[in-house]
Amino acid sequence: MNWLGILVSYLYIALVIAGGKIFEKRGKEASRKFIHIMLGNWWFIAMYYFTNVWFAMFVPITFVIINYLSYKKGIIKVMEREKQDGLGTVYYALSLLILVIISFGIFNKPSLGLIPCLVMAYGDGLAAVIGKIIKSKKYTAFGSTKSIAGSLTMFIIATLLIGGYLAFTHKMVFWGTGRWPLITMMMAYVITSVEAISAKGTDNITVPLGTLIMLLLIQ
């Protein structure tokens, strides 16, 4: 299963990159965000196929290297910005690697990394997309410029993902006491704030790891 997981992982990533080429017709940023969002689904593959942390680590390790070389040499142009402004793609793969080590290795609970991965992929990815589609006021914090529409999108998606996780794993605790909605929104607000102040692609590290830390705190 583990060797098959590596094969399926690479096939899926190749398909996502190929799909990015199609979206490239709509603009460079469209292709980048398509790849950013869809690669987050790799975690489902990881949970299904990998039973060994070393096999699970292999895929993100290789893409830390590949993405860095692509950043320097433009190997996979479809996922690179025309004007580089950070190591976002490298941070993405690195965050997956850290999530794998913690989820598959330290805690031996692969599902632990799912929500942090999806918040990074869908929350951050769709925030950028919606932020461009819906015209709204922009703001700058710590060198990072975001839009109100984008941040609101991030907050909503983080709330849905984290809320679903809490409802599924801590249903009796949070639903019964009425703390579930408040805790969910507080966590989503923190993650949205973290994303808002993370410049030059560092949100691909701060968002998933920040989400993971908060989830661990309520275990």
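Reader: Is the crossing of H2 and H6 left-handed or right-handed?

Author: This is a predicted model. Helix H2 covers residues 28–39 and helix H6 residues 114–133. Their axes lie 8 Å apart. The crossing of the two is left-handed.

Reader: How do H2 and H6 run relative to each other, roughly parallel or roughly antiparallel?

Author: H2 and H6 pack at an angle of about 155°. Angles over 145 degrees count as roughly antiparallel. H2 is therefore, relative to H6, roughly antiparallel.

Reader: How many charged residues are in the contact of H2 with H6?

Author: H2 contributes Glu-29, Lys-33, His-36 and Ile-37. The H6 side includes Met-120, Tyr-122, Asp-124 and Lys-132. By class, the contact has seven nonpolar and two polar residues, and the number of charged ones is four.

Reader: Which residue forms a salt bridge with Glu-195?

Author: The whole structure holds two salt bridges. In this one, the closest N and O atoms are 3.2 Å apart. Glu-195 sits in helix H9 (residues 180–197), and its partner, 49 residues away, is in strand E2 (residues 144–147). That partner is Lys-146.

Reader: Is Glu-195 buried or exposed?

Author: The cut-off for buried is under 20% relative accessible area. Glu-195 has 3% relative accessibility, so Glu-195 counts as buried.

Reader: How far apart in sequence are the parts tied together by Lys-146 and Asp-203?

Author: Lys-146 also forms a salt bridge with Asp-203, with the closest N and O atoms 3.7 Å apart. Lys-146 lies in strand E2, and Asp-203 in helix H10 (residues 203–217). The pair therefore ties together parts whose separation in sequence is 57 residues.

Reader: Which residues do the salt bridges that share partners join into one network?

Author: Lys-146 pairs with Glu-195. Lys-146 pairs with Asp-203 as well. Both Lys-146 and Asp-203 are buried. The network joins Lys-146, Glu-195 and Asp-203.

Reader: What is the phi of Asn-108?

Author: Most residues other than glycine have a negative phi. Asn-108 lies in the loop between helix H5 (88–106) and H6. Asn-108 is exposed, at 59% relative accessible area. Although Asn-108 is not a glycine, its phi is positive, about 50°.

Reader: In which loop is Lys-200 found?

Author: Lys-200 is not a glycine, yet has a positive phi of about 55°. At 57% relative accessibility, Lys-200 counts as exposed. Lys-200 is found in the loop between H9 and H10.

Key:
Residues numbered from 1 in each chain as written. Predicted model: local features only at pLDDT ≥ 70, side-chain atom pairs only at ≥ 80, totals over all residues. Heavy atoms only, no water. Axes fitted to C-alpha atoms, helices over the stretch in contact; angles between N-to-C directions. Helix = DSSP H or I, 4+ residues; strand = E, 2+ residues; numbered from the N terminus. Parallel < 35°, antiparallel > 145°, perpendicular 65-115°, else oblique. Left-handed = near helix turned anticlockwise from the far one by under 90°. Contact = heavy atoms within 4.5 Å. Nonpolar A, V, L, I, M, F, W, Y, C, P; charged D, E, K, R; others polar. Salt bridge = Lys/Arg side-chain N within 4 Å of Asp/Glu carboxyl O. Buried < 20%, exposed > 50% of the residue type's maximum accessible area, 1.4 Å probe, protein only.
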